[in-house]
Amino acid sequence: MDVCEQLNVLATAGMDGAIVLRQIYRGKFLRLIKTERSFSVSHIRVSCRGYIVTVAKSRAVKTIEGDLLTVYTINGERICSKQAKEIISAIVLSENGYEFIVGGKLGKLLKYSLLTLEETNMLGRLDAQYAGIRKTLTEMLKDNSGITVLSLTCAEKYQQLLIGMNTGAVYSYRFSSRLIGTKIFDTFENIL
C-alpha cells in the first residue's frame, strides 16, 4: 500500500497482481490496473509525478535471480519493466518523483530512473567515515545482512536516507543534493 497526498491517491496491490487506486479521504474507487497474472505485487509506490512503481514476485516459478520492477502511469498504462538482479525487500521514491532506491536481501542498494528503469549502484563510488575507519558504503552494508526498510527524509538543505538492516542496525546517510546520489554524502552514521 502507498499514499500520494499530492494526487489524493491510495494504491493497494496484492497476491492477484491487481492494483487498486482510490481517493485517500473518501475511499472512492478510481481505477483497477491489471498486472501480469503470474506475479504477486510485494511493494508499490506512487510518485507525485503520476507514476506507479511495483515490485512483483513470480508465483509460478520460484526465482533467486530477482524481482520484476514495473512502472505504470496513474492511468494504468505500462511504461516499462525490468528484472531486478536481487530479491527486493525495500523501496523508497525520491522527492523529485523521477527516481527511486531499492534495497535487497543481500544488502545491495540501487538507484533507478523511474521512466527508464536504468540503474546505478549509488554506493559504488561513495565513501563513509565510521568509527574512524574509512570504508565505502558498499563495504559497510556488506558487514551486515539484508536491507529490510528504507526511508527518505527531506529537509530544506539536505536529504537523509535511513536504511534498516535485518540485524536491527539502522544507518543514516545525509547528503546535500536535491537529487539522490548526485553528490557525495556529507555524513554517515550508525544510529542504532
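Rings of Phe, Tyr and Trp (its six-membered ring) pair if their centres lie within 6.5 Å, and planes under 30 degrees apart count as stacked, over 60 as edge-to-face and the rest as tilted. With that rule, a search of the whole structure turns up one aromatic pair. What you're looking at is a predicted model, where local features need pLDDT of at least 70, side-chain atom pairs count only at pLDDT 80 or more, and totals for chains, interfaces and linings use all residues. Residues are numbered from 1 along each chain as its sequence is written, and side-chain values use heavy atoms, with hydrogens and water left out.

**The chain as a whole**

- The protein chain's secondary structure comes to one helix and 18 strands; helices (H or I, at least four residues) and strands (E, at least two) are DSSP runs, numbered from the N terminus.
- Of its 192 residues, 47% count as buried, where buried means under 20% relative accessible area, exposed over 50%, and partly exposed in between (1.4 Å probe, protein chains only).
- The protein chain exposes about 9900 Å², and carbon and sulfur atoms supply 51% of that; accessible areas come from the Shrake-Rupley method with a 1.4 Å probe, and for residues only the protein chains shown count as cover.
- Among contacts with a separation of 6 or more, 35% come from residues 24 or more positions apart, a contact being heavy atoms within 4.5 Å.

- Four strands make an open sheet here, in the order 1-2-3-4 and with antiparallel pairing; two strands pair if DSSP finds at least two bridges between them.
- Strand 1 (2–4) and strand 4 (29–33) are the edge strands, each pairing on one side only.
- On average, neighbouring strands of this sheet are turned by 20° against each other, direction ignored; the axes are lines fitted to C-alpha atoms, for helices over the stretch in contact, and angles run from 0 to 180 degrees between N-to-C directions.
- Strands of a sheet pair through backbone hydrogen bonds, either parallel or antiparallel.
- Strand 1 and strand 2 run antiparallel and are joined by three bridges, with Asp 2 standing opposite Ala 11 in strand 2.
- Strand 2 (residues 9–13) is joined to strand 3 (residues 19–23) by five bridges, again antiparallel.
- Across that pairing, Leu 10 stands opposite Arg 22, and Ala 13 has Ile 19 as its bridge partner.

**Backbone turns with positive phi**

- Most residues other than glycine have a negative phi, and most peptide bonds are trans.
- Asn 8 sits in the hairpin of strand 1 and strand 2, which has four residues between the strands, and takes a positive phi near 55°.
- At 25% relative accessibility, Asn 8 counts as partly exposed.
- The hairpin of strand 2 and strand 3 has five residues between the strands, and there Gly 17 takes a positive phi near 85°.
- Leu 117 is another non-glycine residue with a positive phi, near 60°, and it lies in the loop between strand 11 (109–113) and strand 12 (119–120).
- Leu 117 is buried, with a relative accessible area of 1%.

- Another open sheet has four strands in the order 5-6-7-8, with antiparallel pairing.
- Strand 5 (39–46) and strand 8 (78–83) stand at the edges with a single partner strand each, so one side of each is left without a neighbour in the sheet.
- The twist from one strand to the next averages 20°.
- Five bridges pair strand 7 (residues 68–73) with strand 8 in the antiparallel sense, and Thr 70 stands opposite Ser 81 in strand 8.

**Buried side chains and the aromatic pair**

- The aromatic pair is Phe 100 with Tyr 112, and it is stacked: 5.3 Å centre to centre, with 15° between the planes.
- Phe 100 is in strand 10 and Tyr 112 in strand 11, twelve residues apart, so to speak linking distant parts of the chain.
- Both Phe 100 and Tyr 112 are buried.
- Ile 101 is found in strand 10 (residues 99–104) and is buried, with a relative accessible area of 0%.
- Ile 101 and Ser 151 are 50 residues apart in sequence and 9.6 Å apart in space, C-alpha to C-alpha.

**Cysteines**

- There are zero disulfides in the whole structure, a disulfide being a pair of cysteine sulfur atoms within 2.5 Å.
- For Cys 48, the closest cysteine sulfur is in Cys 4, at 6.1 Å, too far for a bond.
- Cys 48 counts as partly exposed at 28% relative accessibility, whereas Cys 80 counts as buried at 14%.
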